[in-house]
Amino acid sequence: AGALASMARMLKPGGRMYTLIPNQIGFMGAVQKRLDRTFFDMHVPLDEPKLRAAHEAAGLSVLDSRYFMATNFGVLNHSTFETGSPAARLRALIRQAFVAVSVAVWWFEDTTGVQLPATRAFAPYAVCVAVRKA
């Protein structure tokens with residue numbers, strides 16, 4: 001909430017803030033924690049209700065808050081391992097396998113017209129749109 005309040009001070013009254021954070025709470029976070037614990041530990045995991053509450057605590061009025069996308073394993077990161085190391089290569093292969101799952105889900109959505117829901121368990125992001133009070 002403190003960081004959001006600092007950023008909100010830069011908004012004009014009525015100005016909007018769009019916040020997108022990685023969803024480190026559900027399955028995505030569990031995979032990230034095992035893929036690269038150092039990267040996972042850099043985050044403060046927030047679910048969508050806590051993201052909303054942080055904006056409200058910062059004095060903003062929330063217009064919309066939700067999970068975004070059904071899945072996107074492309075957000076997984078393994079950057080804290082030395083490039084080219086066996087650990088980095090193995091983690092890159094694991095990440096690529098997960099990304100292939102995302103591509104299959106997107107193909108399914110595109111071909112069938114069925115949009116899978118963005119849920120706490122599988123969404124890669126939580127988003128919040130808020131406005132600075134006049």
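How many aromatic pairs does a search of the whole structure find? Five. A pair here means rings of Phe, Tyr or Trp (its six-membered ring) with centres within 6.5 Å; planes under 30 degrees apart count as stacked, over 60 as edge-to-face and the rest as tilted.

Some housekeeping. This is a predicted model, where local features need pLDDT of at least 70 and side-chain atom pairs count only at pLDDT 80 or more, while totals for chains, interfaces and linings use all residues. Residues are numbered from 1 along each chain as its sequence is written, and side-chain values use heavy atoms, with hydrogens and water left out.

One of the pairs is Phe27 with Phe122: centres 5.6 Å apart, planes at 50°, so tilted. Phe27 sits in helix α2 and Phe122 in the loop between α5 and β3, 95 residues apart. Helices (H or I, at least four residues) and strands (E, at least two) are DSSP runs, numbered from the N terminus. Phe27 has a relative accessible area of 35% and Phe122 one of 42%, so each is partly exposed, the class between buried, under 20%, and exposed, over 50% (1.4 Å probe, protein chains only).

Phe73 and Phe98 are also tilted, at 4.9 Å and 35°. Phe73 is buried at 4%; Phe98 is partly exposed at 22%. Ring pairs join Phe27, Phe73, Phe98 and Phe122 into a cluster.

Now the helices. Phe27, Val31, Arg34 and Leu35 in α2 meet Arg91, Ile94, Arg95 and Phe98 in α5, where contact means heavy atoms within 4.5 Å.
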